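Hi,

Here is the structure I promised to send over. Have a look at it first, and then read on for what turned up.

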Amino acid sequence: MRIAVRARHYSRRTEEVYVAWVRRFVLFHGKRHPAEMGGGEVTAFLSHLANASRVSSSTQNQASSALLFLYREVLGREIEAPRGVLRAKRAFRRPVVLTRDEVRLLLRRMSGSKRLVATLLYGAGLRLLEGLRLRVKDVDPGRGEITVRGGKGNRDRVTMLPASLGPQIAAQLGNVRRLHESDLRRGAGWAALPGALERKYPGAGRELGWQYLFPATRLHRDPHTGQLRRHHLHETAVQRALKEASRQAGLTKRASCHALRHSFATHLLEDGYDIRTIQELLGHRSVKTTMIYTHVLNRGGLGVRSPLDVLGGLDSR
């Protein structure tokens, strides 16, 4: 399963998710080998997810994709798309959007590199891992641009580098340079390279340009190459810091890292930027995905003013 996923250049996260669903499928059917099962067992498993586990429709679709991949690409068997499956109901969820004041309160209660990461998520509309996986060479302060490499769907895009972050980005680049020089003196200084670049450019992993903009605090030894590497800051560190900042700010909304990205798009719409420009900045494949933020702008019941607001003459009792 892993070999088949990697041969098609799927992301490492997709690999882990697909393998996990196959494992659950096998355990659900009493550890029978998938080759001994077929469409009926797939249908039963997917129905169980919706009925007993009450998973969302997107989670059920993810499981279905993993199992269809297993049979078609790994076992070489064509099975029909599951029919008669009890489907989890697909619900429309409005994105959580923070006001500008709420964003300000949140960021003021963060510090260090975690604050800079969160500020970039809001200021450039990045997903959390897109921000953490930025390399030094991906940031161009002169042009005011950030190049996002291998975003969702393995697509690259260019988004803005907020001008107000110029001094902070310059300071962060200086910190990375000093840390990298220290690592080199210790015989470390390697960074993981995507794809087959490690074979094509054997020494590139020690170049400053390939170092992560937000490096981890500790080194680790790669089990395959033996190199002492420094990965990027772990996503849970930013998530915990943001959660604590939200608690300190007294926010009642679920102020997640992705809520900062939602707020970026909504605030651009409020400022009058067109939907196609925002689509490009967010990296959405279809403008239909971006259109969800137009619903957020319809405040107070599709923009309708309540008759209570024009009634007047009521006391405060």
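Let's start with Y10, which is partly exposed, with a relative accessible area of 38%. Keep in mind that this is a predicted model. Y10 forms an aromatic pair with Y18. The two ring centres are 6.4 Å apart and the planes stand at 85° to each other, so the pair counts as edge-to-face, the cut-off being over 60 degrees. And is Y18 buried or exposed? Y18 comes out as buried, at a relative accessible area of 13%.

That pair belongs to a total of seven aromatic pairs in the structure. There is also an aromatic cluster to look at: W21, F25, F28, F45 and Y71 form it together.

Next, a pair of helices. Helix 11 covers residues 257-270 and helix 12 covers residues 275-282. Two packed helices are described by the angle between their axes and the distance between the axes. Here the angle is about 160° and the axes are 10 Å apart. Angles over 145 degrees count as roughly antiparallel, and helix 11 and helix 12 are therefore roughly antiparallel to each other. The crossing of helix 11 past helix 12 is right-handed. If you want to click through the contact, helix 11 brings R261, F264, A265, L268 and L269, while helix 12 brings I275, I278, L281 and L282. Sorted by type, the residues of this contact are eight nonpolar and one charged, with no polar ones.

Now to R206, which sits in the loop between helix 9 (197-200) and strand 4 (220-221). R206 has 30% relative accessibility. Buried would need under 20% and exposed over 50%, so R206 counts as partly exposed. What does R206 touch, once residues up to four places away in sequence are left out? The list is H180, L184, G187, A188, G189, W190 and Q211.

Last one: T147, in strand 2 (residues 145-148). T147 has 18% relative accessibility, which is under the 20% cut-off, so T147 counts as buried. Setting aside neighbours within four places in sequence, T147 is in contact with L134, D138, R157 and V158.

That's what I have for now.

Cheers

How values were computed: Residues numbered from 1 in each chain as written. Predicted model: local features only at pLDDT ≥ 70, side-chain atom pairs only at ≥ 80, totals over all residues. Heavy atoms only, no water. Axes fitted to C-alpha atoms, helices over the stretch in contact; angles between N-to-C directions. Helix = DSSP H or I, 4+ residues; strand = E, 2+ residues; numbered from the N terminus. Parallel < 35°, antiparallel > 145°, perpendicular 65-115°, else oblique. Left-handed = near helix turned anticlockwise from the far one by under 90°. Contact = heavy atoms within 4.5 Å. Nonpolar A, V, L, I, M, F, W, Y, C, P; charged D, E, K, R; others polar. Phe/Tyr/Trp six-rings, centres within 6.5 Å; stacked < 30°, edge-to-face > 60°. Buried < 20%, exposed > 50% of the residue type's maximum accessible area, 1.4 Å probe, protein only.
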